[in-house]
Structures are given as C-alpha cells and as structure tokens.
Amino acid sequence: MTLTLDNRSRNKESSLTKALRQIQQLNSKIQELEQQHQDYVQKQQNLISAIAEICVSPMQEIQALRILIYRGEAACRQYLRSVLVKQSQASK
C-alpha cells in the first residue's frame, strides 16, 4: 500500500513538473511573441513617419498607406523609394 501511494505521489509530482515545464515554455513563447509584436509596431510607426516625411501630396500618402496595408512593408518601402527618385528627378 505504501508503495502504491509512493508511486501515485511520484506520478503526481511528475505530472506537476511536466505541467510547470510546459507553462514555462509557454511563458517564454509569449515573451518572444510580445517582443516580435513590439518590433513590428515600432517598424510600422517608423514607416508611417517616413510616409509623412517623404510624400508631398495627400494622394501619395494614401497610396503609400494602401500599399503598406495590402502589400506589406517591403512594397511600401519600394514605393517610397520610387517617390524619392521621382522627387529627385523633378528637382533637377
């Protein structure tokens, strides 16, 4: 009987240890995802600031924001580069 209780006790402890390890892994993953989210938000804020600085007309800003929303950061940066090139060529 004592042996059976010891085995149950060990099994419960093992299950609790396993659950604790899983909780710690989940907490680590949550922290990693939160950091990735913060990085993403910071990039988006920086890109929106760049849109405001680079675009000279409201239509360009709207176009840049549409590209950002529908096609992503890389496409938006490409659009902003093209706007800068056009501005540079226009000022020559």
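Is glutamine 63 buried, partly exposed or exposed, and what is its relative accessible area? Glutamine 63 is partly exposed, with a relative accessible area of 33%, where buried means under 20%, exposed means over 50% and partly exposed lies in between, with a 1.4 Å probe and protein chains only.

The model shown in these views is predicted, and local features need pLDDT of at least 70, side-chain atom pairs count only at pLDDT 80 or more, and totals for chains, interfaces and linings use all residues. Residues are numbered from 1 along each chain as its sequence is written, and side-chain values use heavy atoms, with hydrogens and water left out.

**View 1. The protein chain as a whole.** The protein chain holds three helices and zero strands, these elements being DSSP runs numbered from the N terminus (helices: H or I, at least four residues; strands: E, at least two). Read from the N terminus on, the order of elements is α-α-α. Of the 92 residues in the protein chain, 14% are buried. The accessible surface comes to about 7,700 Å², and carbon and sulfur atoms account for 54% of that surface; such areas come from the Shrake-Rupley method with a 1.4 Å probe, and for residues only the protein chains shown count as cover. Among contacts (heavy atoms within 4.5 Å) between residues at least 6 apart in sequence, 49% join residues at least 24 apart.

**View 2. The largest nonpolar core.** In soluble globular proteins, nonpolar side chains tend to be buried together. The largest nonpolar core of this model has 12 residues, among them Leu47, Ile51, Ile54, Ala64, Leu68, Tyr79 and Val83; a nonpolar core is a set of buried Ala, Val, Leu, Ile, Met, Phe, Trp, Tyr and Cys residues joined through side-chain atoms within 4.5 Å. The elements giving two or more residues to this core are α1 (2-54), α2 (58-71) and α3 (73-90), and α3 gives the most, with five residues. Isoleucine 51, one of the core residues, touches Glu61, Ala64, Leu65, Cys76 and Leu80, when residues up to four places away in sequence are not counted.

**View 3. Cysteine 55 and cysteine 76.** A search of the whole structure finds zero disulfides, a disulfide being a pair of cysteine sulfur atoms within 2.5 Å. Cysteine 55 is in no disulfide, and the nearest cysteine sulfur, that of cysteine 76, is 7.7 Å away. The separation of 7.7 Å is too far for a bond between the sulfur of cysteine 76 and the closest cysteine sulfur, in cysteine 55. Cysteine 55 is buried, at a relative accessible area of 5%, and cysteine 76 is also buried, at 0%.

View 4. Glutamine 44 is found in helix α1 and counts as buried, with a relative accessible area of 12%. Leaving aside residues up to four places away in sequence, glutamine 44 touches Leu68 and Glu73. Glutamine 63 has its place in helix α2; glutamine 63 and tyrosine 79 are 16 residues apart in sequence and 8.8 Å apart in space, C-alpha to C-alpha.

**View 5. Salt bridges.** The count comes to two salt bridges, a salt bridge being a side-chain nitrogen of Lys or Arg within 4 Å of a carboxyl oxygen of Asp or Glu. In helix α1, glutamate 32 and lysine 29 lie three residues apart, about one turn of the helix, and their side chains meet in a salt bridge at 3.8 Å, N to O. Glutamate 32 is partly exposed at 39% relative accessibility, as is lysine 29 at 41%. Glutamate 73 forms a salt bridge with arginine 77, the closest N and O atoms being 3.1 Å apart; because these two residues are four residues apart in helix α3, about one helical turn separates them. Glutamate 73 is partly exposed at 24% relative accessibility, and arginine 77 is partly exposed at 33%.

**View 6. A nonpolar surface patch.** Ile48, Leu65, Ile69 and Tyr70 make a nonpolar surface patch of about 460 Å²; patches are made of residues with over 30% relative accessible area and no salt bridge, like charges being joined within 9 Å and nonpolar side chains (Val, Leu, Ile, Met, Phe, Trp, Tyr) within 5 Å. Helix α2 gives the most to the nonpolar patch, with three residues. Tyrosine 70 lies in helix α2 and counts as exposed, at 69% relative accessibility.
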